[in-house]
Amino acid sequence: MAASVTKIAYQTMQQGKSLLGIAHKQVSTQLMDLVAPKANAETIPIRAETLQALRTSMDYLLERDWLEAEQGLYPTSQLFDAPWLDWMLRYPLVWLDLPNIWNRRLRRDVRDLPNNVDISNFPDYYLQNFHHQTDGYLSDRSAELYDLQVELLFNGTADAMRRRILKPLKERLSRANLASGALRILDVASGTGRTLRQLRGSFSSAQLVGLDLSNAYLRQANRWLSQLPGELPQLVQGNAEALPFQNESMQAVSCVFLLHELPAEAREAVLAEAFRVLVPGGVLVLADSVQLADSPQFQPVMENFRRVFHEPYYRDYIGDQIETRLSRVGFTEIKGETWFMTRIWCASKPEIG
C-alpha cells in the first residue's frame with residue numbers, strides 16, 4: 001500500500017511539473033511573439049505522431065525511474081528531491097529575465113558576459129551565452145536560476161534522465177569488483193551539483209569529487225550539497241580537458257549534459273582525460289542529448305532545440321560518433337541506450353593483463 005501511494009504521489013508530481021513546463025513555454029513564446037516578434041526563431045512544425053512518440057518515450061522514462069527506485073538502486077526519496085520553495089521564490093526571476101534574453105536574441109549577441117570575468121581563465125568556446133542565458137555560466141544569478149530553467153525546458157524530467165546513469169554505473173562497478181572497496185567517483189561538469197546529489201543517494205560511502213569551470217556554479221553546488229547528511233563532496237574548479245587529478249586516481253567518472261556544448265576536439269580531449277584518471281577496470285558513464293543515429297524520429301525536435309537556444313556545437317554533436325571516440329581513446333565494452341531525450345553511454349578502462 002505504501003509503495004502504491006508513493007508511486008501515485010510521484011506520478012502526480014511529474015504530471016504537475018510537465019504541465020508547468022508546457023504552460024511556461026507556451027505563454028513565454030506567445031509573449032515574445034507579441035513583445036519582440038523578431039527575436040523568435042523560425043521552427044519546424046512537429047507532427048502529431050512525433051508528439052505522441054515523445055509522450056510515450058517520456059512515460060516510459062518515468063515508469064523506469066519509479067521502478068529502479070522501488071528496486072533499491074536509489075532511495076525513493078530521491079524522486080522527490082527538489083527545492084520546491086526555493087524554485088517557487090525564484091520563478092518570478094525567470095520571467096523578469098526574459099526581456100534580457102529577447103534583447104540578446106534580437107542583437108544576435110551571444111557573448112554578453114559579466115564585465116568582471118577574466119576571460120584568460122576560460123577556453124574561448126566557453127565564453128558564450130549558451131541557451132541565450134544571462135551571463136552564460138559565469139554569475140551567481142545564472143547558477144541560481146539554472147536548475148529551474150532546465151526543469152521547465154524538459155517538462156520536469158531532467159532529474160529522471162540524469163538518474164539513468166546510476167544503474168549501468170552500479171552494475172559495471174560491481175562486475176569489476178570495485179563497488180565494495182574504497183570508491184572515488186569524479187563527476188565532470190558538475191554544475192549546480194544535481195548529479196552529485198544523485199550519486200550520493202546510490203553510493204553513500206563513496207568519496208565524491210565534482211569538477212566545473214564555473215566558480216559561480218560551484219558555489220551554488222556547495223549550497224545544495226551542504227544540505228545532505230554525511231561527507232560533503234569535494235568541489236574543484238578546473239577544465240575537463242586537463243583534469244587536475246593524478247593518473248589512475250578514480251574508480252568511476254560521470255559526465256552529464258556536457259558533450260553537446262563542446263567542439264569536437266574538446267569532446268575527445270575530455271574523454272581521453274577521463275580514461276587517464278580511471279584505474280584499470282574503472283567505469284565511465286555519460287549522459288547527453290539523443291543523436292540522429294539513435295533517435296531519428298526526433299530530428300525535428302533536435303533541430304528546433306538548436307534554432308531556439310544558442311547551442312553552437314549541437315548540430316555537430318548530434319551527428320558525432322561518440323562510441324568511436326570512446327574506442328579511440330582506449331575504452332572498451334562500450335554500451336549505449338536511449339531514454340526520452342537523453343542518450344546514456346557506459347564504458348570501461350581495460351584491466352591490465
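Modeller: Let us begin with burial: a residue is buried under 20% relative accessible area, exposed over 50%, and partly exposed in between, using a 1.4 Å probe and protein chains only. This is a predicted model, in which local features need pLDDT of at least 70 and side-chain atom pairs count only at pLDDT 80 or more, while totals for chains, interfaces and linings use all residues. Residues are numbered from 1 along each chain as its sequence is written, and side-chain values use heavy atoms, leaving out hydrogens and water.

Biologist: Is Y137 buried or exposed?

Modeller: Y137 has a relative accessible area of 9%, so it is buried. Y217 is also buried, at 3%.

Biologist: What describes a pair of aromatic rings?

Modeller: The distance of the centres and the angle of the planes describe such a pair. Rings of Phe, Tyr and Trp (its six-membered ring) pair if their centres lie within 6.5 Å; planes under 30 degrees apart are stacked, over 60 edge-to-face, and the rest tilted. The count here comes to 16 aromatic pairs. One of them joins Y137 and Y217, edge-to-face, with 5.4 Å centre to centre and 90° between the planes.

Biologist: Where do Y137 and Y217 lie?

Modeller: Y137 lies in the loop between α3 (84-107) and α4 (140-153), and Y217 in helix α8 (residues 215-225), so the pair ties together parts 80 residues apart in sequence. Helices here are DSSP runs (H or I, at least four residues), numbered from the N terminus. Ring pairs also link Y137 and Y217 into a cluster with F122, Y126, F130 and Y146.

How values were computed
Helix = DSSP H or I, 4+ residues; strand = E, 2+ residues; numbered from the N terminus.
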